[in-house]
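Colleague: Hi! Could you walk me through this model?
Modeller: Happy to, here it comes.
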Amino acid sequence: MHNKDLKQQTLEHYNLKSINNEDFNIGLIDLGLNSMWRYHQFLPIDIQDAITMGEGFTPLLKVELLDKKIFVKQEQLFPTGSYKDRGASVLMSYAKKMGVTHVVQDSSGNAGCSIAAYAAHANIACDIFVPADTSKAKLAQVRAYGANLILVDGDREATAANALLAAQNSYYASHCYNPIFFQGTKTFAYEVCEQLGWKAPDVVVLPAGNGTLVLGCYIGFKHLYESNVIAKIPKLVAVQAQNCAPLYNAWKQGLQEPLITTSGYTLAEGIAIADPVRGKEMIRAVNNTRGVFITVNDDEIIQALKLCTAKGFYIEPTSAATIAGLIKAQKIVEGETWVTLFSGHGLKSTEKILSILDADN
Ligand SMILES: Cc1ncc(COP(=O)(O)O)c(C=O)c1O
């Protein structure tokens with residue numbers, strides 16, 4: 001089968017709309033759990049079946065970025081160093097419960113680390129496909145968890161094509177296709193609102209690669225809004241890398257579907273997704289919140305990285321791209337609440353950070 005047909009078929013098979021939630025009810029939060037599993041009543045997994053390492057409920061810190069104080073969720077503090085653990089914990093819990101013994105996954109690195117870690121925790125075998133030029137620390141992490149690491153020559157799209165074929169004979173634990181993953185990432189929205197005293201922020205600035213957080217946030221905030229827990233859905237500001245911006249390019253022309261590009265080099269490897277499978281849903285989600293897409297270039301990413309490290313926050317360049325986006329988008333009206341995140345730990349990108357530092361000498 002042609003790869004395009006296979007992708008469409010896989011997307012239809014893993015339909016995001018197929019999961020429905022009961023109304024959100026603050027009284028049903030499991031306050032004894034200091035992790036994202038405190039919301040287990042609203043997850044498609046019973047708490048006794050959770051594959052968990054105590055992930056989530058990350059601090060929401062006020063950080064001064066330029067002259068403004070912004071709430072920054074410390075998502076670099078997850079067991080594997082990125083928020084992808086939200087999705088991996090729920091998805092691997094589901095896979096374990098279903099009796100799955102082997103999974104296939106493809107990623108630009110961090111989602112692979114997360115699936116590999118939670119597969120190890122659940123005693124499930126896994127094959128992780130990544131582009132050959134992925135940061136070495138992420139490759140080491142995947143291998144250390146005991147996963148079978150497959151390096152694919154070519155870009156992120158070539159990697160996905162290889163994984164799609166392999167997934168025909170296994171369970172596809174994809175962070176982009178599998179809707180259970182988004183059930184995990186939606187907890188980001190629950191946590192933000194709980195940490196703000198059940199008030200929705202005005203604006204949330206997010207990275208936009210394959211949309212695990214953009215769509216997870218949209219699902220979570222919408223759920224709270226439709227359950228009358230919050231009074232509005234925040235505007236989502238979705239940040240892409242200038243050299244790989246299929247969503248921004250489409251959105252700015254008023255199109256509903258991504259304009260698939262070839263990905264040029266960017267320091268922000270995690271959002272260098274030229275053909276996001278849920279691109280249409282991402283554009284719709286951002287538009288529904290009256291949000292915007294913006295792009296940042298590598299110089300802006302480097303400046304944002306330096307700004308954060310100078311304050312003691314060690315984050316990877318992909319994570320700095322979101323902060324660069326926030327700085328660019330920042331026309332903060334007095335009194336408005338803006339939230340963003342540190343999406344990935346700096347220890348995952350030692351080589352890239354070293355090259356940035358060396359360039360200054
Ligand atoms: C550190 C980091 N930030 C952001 C992203 C963006 O991911 P997505 O748009 O799929 O949520 C990724 C994806 O791998 C990542 O690794």
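Modeller: Let's talk about salt bridges and then a pair of helices.
Modeller: This is a predicted model, where local features need pLDDT of at least 70, side-chain atom pairs count only at pLDDT 80 or more, and totals for chains, interfaces and linings use all residues. Residues are numbered from 1 along each chain as its sequence is written, and side-chain values use heavy atoms, leaving out hydrogens and water.
Colleague: What does Asp-202 form a salt bridge with?
Modeller: Its partner is Lys-232, and their closest N and O atoms are 2.3 Å apart. They sit 30 residues apart, in distant parts of the chain.
Colleague: And is Asp-202 buried or exposed?
Modeller: Asp-202 counts as buried, because its relative accessibility is 18%. Buried means under 20% relative accessible area, exposed over 50%, and partly exposed in between, using a 1.4 Å probe and protein chains only. Lys-232, at 34%, counts as partly exposed.
Colleague: Which residues are linked in a network of salt bridges?
Modeller: Those are Lys-73, Glu-75, Arg-86 and Glu-191.
Colleague: New topic! At what angle do the helices α3 and α4 pack?
Modeller: About 15 degrees, with their axes 8 Å apart. Axes are lines fitted to C-alpha atoms, for helices over the stretch in contact, and angles run from 0 to 180 degrees between N-to-C directions. Helices here are DSSP runs (H or I) of at least four residues, numbered from the N terminus.

Note on methods: Helices (H or I, at least four residues) and strands (E, at least two) are DSSP runs, numbered from the N terminus. A salt bridge is a side-chain nitrogen of Lys or Arg within 4 Å of a carboxyl oxygen of Asp or Glu.
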